[in-house]
Amino acid sequence: NFPSNWPIFWNGGNFTFEPVNETPAMTSNTDPSGYVVSADTEPEVGFEAFRAFDQVTTTYWHPSNGATSSWIKFEFPTALVIRGYVITAPDVLDAGVPISWTLEGSLDNSGWFTLDSEIGQPSWELGEKRQFLFTTNTAPYKYYRLVIVNATLGTLNHFGIAQIDFYSIPETSSPATIDDQYFNKGVITGTIKVSNVVTYNE
């Protein structure tokens, strides 16, 4: 489940809905079939890149010891429109965590487009989940790459990521796609499925 409500603001109101987690439970860098995980380094057995996508928060991926920058990449079988992601910190006291990074998307694993940029994230709690949204994105990408440019190093002399989950917004004819075309100067012109209405102000 998404760790907390993902808001859509409309005319002073706040509608919430549940996006779809498109990240399967990876059991290796290439399993399930069609999905591929890679990273610039995988220094030891038990901390491979797929550990950041195995849906097990007690495991984690880490790059080479001493490295404060790195990248980790996820390939989908087909291009998807991703509009948010969640990062889970390692549940290990002595592991460091990312501080600054960019999330990039690509169709061909060559040309990359920045979807989100985070600079100077505050300290993480053990096992903490944080969500990052870019809900205006409408471009589908087959490859998504997290490029870490700065991180803390714990006493283990490395940083890690326990889990990365990518989320999409369901795009169906009924209920209608949640998109700008269904909003017309504060008037909903299509059907929108919401899990909970938090507030609405005239």
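**A charged pair and its surroundings**

Modeller: The side chains of lysine 142 and glutamate 75 meet in a salt bridge, 2.6 Å from N to O. Lysine 142 sits in strand S10 (residues 141-151) and glutamate 75 in strand S5 (residues 70-80), so the contact ties together parts that are 67 residues apart in sequence. A salt bridge here is a side-chain nitrogen of Lys or Arg within 4 Å of a carboxyl oxygen of Asp or Glu. Strands are DSSP runs of E with at least two residues, helices are runs of H or I with at least four, and both are numbered from the N terminus. Glutamate 75 is buried, with a relative accessible area of 17%. Buried means under 20% relative accessible area, exposed means over 50%, and partly exposed lies in between (1.4 Å probe, protein chains only).

This is a predicted model: local features need pLDDT of at least 70, side-chain atom pairs count only at pLDDT 80 or more, and totals for chains, interfaces and linings use all residues. Residues are numbered from 1 along each chain as its sequence is written, and side-chain values use heavy atoms, with hydrogens and water left out.

S10 takes part in another charged contact. Glutamate 104 and arginine 145 meet through their side chains in a salt bridge of 2.5 Å, N to O. Glutamate 104 lies in strand S7 (residues 98-106) and arginine 145 in strand S10, so this pair ties together parts that are 41 residues apart in sequence. Both of its residues are buried. A search of the whole structure finds four salt bridges. One of the others brings together the side chains of glutamate 48 and arginine 51, at 2.9 Å from N to O. Glutamate 48 counts as buried at 17% relative accessibility. Arginine 51 is partly exposed, at 22%.

Four bridges join S4 to S5, and the two run antiparallel. Strands pair if DSSP finds at least two bridges between them. Alanine 39 has isoleucine 72 as its bridge partner in S5. Side chains alternate along S4. Val37 and Ala39 point to one face and are buried.

Tyrosine 35 and phenylalanine 76 form an edge-to-face aromatic pair, 6.2 Å centre to centre with 70 degrees between the planes. Tyrosine 35 lies in the loop between S3 and strand S4 (36-39) and phenylalanine 76 in strand S5, so the pair ties together parts that are 41 residues apart in sequence. Phenylalanine 76 counts as buried, at 1% relative accessibility. Phenylalanine 53 and phenylalanine 166 are stacked, because their ring centres are 6.2 Å apart and their planes are at 25 degrees. Phenylalanine 53 lies in the loop between S4 and S5 and phenylalanine 166 in strand S11, so that pair ties together parts that are 113 residues apart in sequence. Phenylalanine 53 is buried at 1%, and phenylalanine 166 is buried at 2%. The rule takes rings of Phe, Tyr and Trp (its six-membered ring) with centres within 6.5 Å; planes under 30 degrees apart are stacked, over 60 edge-to-face, and the rest tilted. By this rule there are 17 aromatic pairs. Ring pairs link a cluster that includes Tyr35, Phe53, Phe76 and Phe166. Also among its members are Tyr141 and Tyr144.

S11 leads on to a sheet. Four strands form an open sheet in the order S3-S11-S6-S9, with antiparallel pairing. Its edge strands are S3 (20-21) and S9 (129-133), each pairing on one side only. Two bridges join S3 to S11 (residues 163-168), which run antiparallel. Serine 168 in S11 is the bridge partner of valine 20.

Last, the whole chain. It has zero helices and 14 strands. Of its 202 residues, 45% count as buried. Contacts are heavy atoms within 4.5 Å. Among contacts with a separation of 6 or more, residues 24 or more positions apart account for 71%. Average pLDDT, the predictor's confidence in each residue from 0 to 100, is 81, and 75% of the residues score at least 70. It stays under 50 over residues 1-16 and over residues 172-202.
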